[in-house]
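Good morning, everyone. Please bring up the sequence and the structure, and follow along with me.

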Amino acid sequence: MIESCASAPGKVILFGEHAVVYGYPAIAAPVSQVRATAVVADSEQPGVHLIAPDLGHSRWLATAPADDPMATAVRLLQTAAGLPHLPNLTVTVTTTIPIASGLGSGAAVATAMIRALVQHLQLDRLNNNEQISDLVYQVERLHHGTPSGIDNTVVTYERPVYFMRDIPANRIETFTVAEPLRLLVADTGQRSATIDVVADVRRHWEAQPARFDHLFAACGRIAAAARTSIEAGDVATTGRLMQENHALLQLMTVSNGTLDRLVEAAGAVGALGAKLSGAGRGGNMIALVTEITEEAVREALKTAGARSVLTTIIEPAERET
Ligand code: PMV
């Protein structure tokens, strides 16, 4: 049997979530140890079968509803490739990325699927990060409503990015990470739908435009300053900026008691900084640690109620040539 396989990482937003939807800069990095993997295989049964055992998903493309994310990925790819018919296929997705937790699971599943299909169907014209990221963005619109584009970018390019939503083209920049950033990613265990949180922030912004514009602009300044501190290897300043960003996210109403408790617990035992990451109201938080403080912070996060804590190290990114 002929098979094609591709995978894509999870991600964390280091700075600038929510404000990024309104055109301010944000920084995100891949989390390579949690991944979504897609296997595309020729099949003898007619049609395209979409299976995701971890997500409890088994559907046929022909009868999947319009808002089904896996079917949407296939349909968008089929349209982009101009293929009137698809061969008989089985598409199986497995993932170790917790869903609805701010780790980019939706973008990773779509990226892995689209990459594996592009390879399998030999769609060479679409076989580049830019095209794949663009298709994943279109799938993300289902989950997010008005996605900024940062998730699909960091997950498809799989490297830290400084991102700014713009028209006609987003600004996507790699940057030097002078000193590796050691992060703990702690899961609150609370699932939260990005589309709802983003819509709620939009309602607040519409009700109080001056106040929210001010908060978004402050997040943008923090992301820009963080890029400078990361490029300079100034880990202490990067940590302080995370703390400031969390305070702004609290004012935006996207933190909650659990996230605040985890952020405080990390700070109390020596984290250089901590903040919620992603849409908020649950999902994950991140804490910047050193080799020396890592274990104490991990224990403090678990004691404060984190369901799981994983370590990810953001290493210097390869520069594009
Ligand atoms: O997918 P999440 O939960 O990491 O959130 C994405 C980040 C937001 O800024 C809240 C939304 C967006 O589209 O950028």
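Start with E3. Which residue is its bridge partner in strand 2? The partner of E3 there is A41. Keep in mind that we are looking at a predicted model.

Now widen the view. E3 belongs to strand 1, which covers residues 3–15. Strand 2 covers residues 26–42. How many bridges join strand 1 to strand 2? There are 12, and the two strands run antiparallel.

Stay on strand 2, please. It also pairs with strand 5, residues 89–95. That pairing is antiparallel and has 7 bridges. For a landmark, find V40: it stands opposite V91 in strand 5.

Next comes strand 6, residues 161–164. Strand 2 pairs with strand 6 as well, again in the antiparallel sense, over 3 bridges. Look for A28 here. Which residue of strand 6 does A28 stand opposite? It is V161.

Look at the face of the Y162 ring. R227 lies over it, 4.6 Å from the ring centre.

On to the aromatic rings. How many aromatic pairs does a search of the whole structure find? It finds 3. One of these is formed by F212 and F216. To describe such a pair, we give the distance between the ring centres and the angle between the planes. For F212 and F216, the centres are 6.0 Å apart. The angle between their planes is 70°. This pair is edge-to-face, because an angle over 60 degrees counts as edge-to-face.

Where are these two in the sequence? Both are in helix 6, residues 209–232. F212 and F216 are 4 residues apart, so about one helical turn separates them. Are they buried or exposed? F212 is buried, and F216 is buried too.

Last stop: A71. You will find it in helix 1, residues 69–81. A71 has a relative accessible area of 0%, so it is buried. What does A71 touch, once we set aside neighbours within four places in sequence? A71 is in contact with L50, L61 and A64. Now compare G104. A71 and G104 are 33 residues apart along the chain. Their C-alpha atoms are separated by 18 Å.

That is the tour. Thank you, and I am happy to take questions.

Definitions and conventions: Residues numbered from 1 in each chain as written. Predicted model: local features only at pLDDT ≥ 70, side-chain atom pairs only at ≥ 80, totals over all residues. Heavy atoms only, no water. Phe/Tyr/Trp six-rings, centres within 6.5 Å; stacked < 30°, edge-to-face > 60°. Buried < 20%, exposed > 50% of the residue type's maximum accessible area, 1.4 Å probe, protein only. Lys NZ or Arg CZ within 6 Å of the ring centre and 35° of its normal. Pairing = 2+ DSSP bridges. Contact = heavy atoms within 4.5 Å.
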